[in-house]
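Here's a quick look at a model and what its surface is up to. Have the viewer open while you read.

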Amino acid sequence: MAQGGSTMGEEPTWPELLLTFAMVATIPIIIGGAVLVSLIGLTMWATAPLRRRRRARAMDTH
């Protein structure tokens, strides 16, 4: 017994396409934002001793 008709589902509507695109676009934004915030935090943490030394040296000259 052969099945008639198309095996493909219905084509998505424009709102469904836009919603899918928005959901897919948020994944790299969230991951990229987390990486960016982590890199900025690590940079601030790594350079904190240098900033403290510069501040102490500036206070000694006044």
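## Nonpolar patch

I27, I31, V35 and L39 make a nonpolar surface patch of about 380 Å². Patch members need over 30% relative accessible area and no salt bridge, with nonpolar side chains (Val, Leu, Ile, Met, Phe, Trp, Tyr) joined within 5 Å and like charges within 9 Å. A salt bridge here is a side-chain nitrogen of Lys or Arg within 4 Å of a carboxyl oxygen of Asp or Glu. Areas are Shrake-Rupley values with a 1.4 Å probe, and for residues only the protein chains shown count as cover.

L39 lies in helix α1.

## Positive patch

R51, R52, R53, R54, R55 and R57 form a positive surface patch. Lys and Arg count as positive, Asp and Glu as negative, and His and the chain ends are skipped. Each charge is placed at NZ of Lys, CZ of Arg, CG of Asp or CD of Glu.

R57 is also found in helix α1, which covers residues 14-61. R57 counts as exposed because its relative accessibility is 56%, and the cut-offs are over 50% for exposed, under 20% for buried and partly exposed in between.

## Whole protein

The protein has one helix and zero strands, taken as DSSP runs numbered from the N terminus (helices H or I, at least four residues; strands E, at least two). Of its 62 residues, 2% are buried. The accessible surface comes to about 6,200 Å², with 71% belonging to carbon and sulfur atoms.

## Ground rules

This is a predicted model: local features need pLDDT of at least 70, side-chain atom pairs count only at pLDDT 80 or more, and totals for chains, interfaces and linings use all residues. Residues are numbered from 1 along each chain as its sequence is written, and side-chain values use heavy atoms, leaving out hydrogens and water.

Technical notes. Buried means under 20% relative accessible area, exposed over 50%, partly exposed in between (1.4 Å probe, protein chains only).
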